[in-house]
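Subject: Structure handover

Hello,

Here is the structure for you to look at. Please open it first, then read the notes below.

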Amino acid sequence: SEALGGVDADAVVVVDTCALMNELPWLEALHEALPRLRALLLLPIKVAEELDGLCKNDSSSVRAAARAAMRFVQWHALRGHMRGQRPREAVDFGAAGDTSADALILSCALYWHRLLPQSVLLLTEDRGLQVKSMLQGVPTRNTAVLAHEVLSQPEVVRAREMAAARSLPHWMRHAEAA
């Protein structure tokens, strides 16, 4: 728990820029289930830097997606079960001095994989980064696949059904019980 920044979690999901930019609805659904699964979303500093740069992109659709991703990060980081990479949470591997985005993101995932070998996953839509991650022994998923796997677990389904029932108008909850 101390290594996870005071968050009570058993697993770490390292999130790539592509997942935040392209799969925000799936990521939002997945994030709702994380507290029940005792999992932490972890944002590598390189991803934050990339999102910041994309907020200034010439394309209005790219800017809008990056701003939505930044709002997601801000909102969920303030409410727990998401935090950013700390300065020492990186591992040197491969070619010395490789500062590519993929290398920096994978370095963060590798750090956590060495601490929690059975409990770390890199979440990315980038096929090249998925391959690099698998070659380093770090499990990877794309967002939609992970969301489907997580959201179909019985305890998550029950919790979502209970939450949905609580959001029904008072009169409908009583009608269902009858």
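In which helix is Met134 found? Met134 is in helix α6, residues 127-135. Helices here are DSSP runs of H or I with at least four residues, strands are runs of E with at least two, and both are numbered from the N terminus.

Before going on, two notes on the source. This is a predicted model, where local features need pLDDT of at least 70 and side-chain atom pairs count only at pLDDT 80 or more, while totals for chains, interfaces and linings use all residues. Residues are numbered from 1 along each chain as its sequence is written, and side-chain values use heavy atoms, with hydrogens and water left out.

**Helix α6**

Ser133 also sits in helix α6. Ser133 has 0% relative accessibility, so it counts as buried. Buried means under 20% relative accessible area, exposed means over 50%, and partly exposed lies in between (1.4 Å probe, protein chains only). Leaving out residues up to four places away in sequence, Ser133 touches Leu106, Leu122, Val138, Pro139 and Thr140. A contact means heavy atoms within 4.5 Å.

**The sheet**

Now the strands. Strands of a sheet pair through backbone hydrogen bonds, either parallel or antiparallel. Two strands count as paired if DSSP finds at least two bridges between them.

Five strands form an open sheet in the order β3-β2-β1-β4-β5, with parallel pairing. β3 and β5 (140-141) stand at the edges with a single partner strand each, so one side of each has no neighbour in the sheet. Helix α5 (residues 101-115) packs on the sheet and touches β1, β2, β3 and β4 (120-123). The direction of α5 makes about 165° with that of β4. For such angles, axes are lines fitted to C-alpha atoms, for helices over the stretch in contact, and angles run from 0 to 180 degrees between N-to-C directions.

**Strand β2**

How many residues of β2 (residues 39-43) are buried? Five of its five residues are buried. Ala39, Leu41 and Leu43 point one way from β2, and Leu40 and Leu42 point the other way.

β2 pairs with β1 (residues 11-15) in the parallel sense over four bridges. Val12 stands opposite Leu40. β2 also pairs with β3 (residues 82-84), again parallel, over three bridges. Here Leu42 has Arg83 as its bridge partner, and Leu43 stands opposite Gly84.

Best wishes
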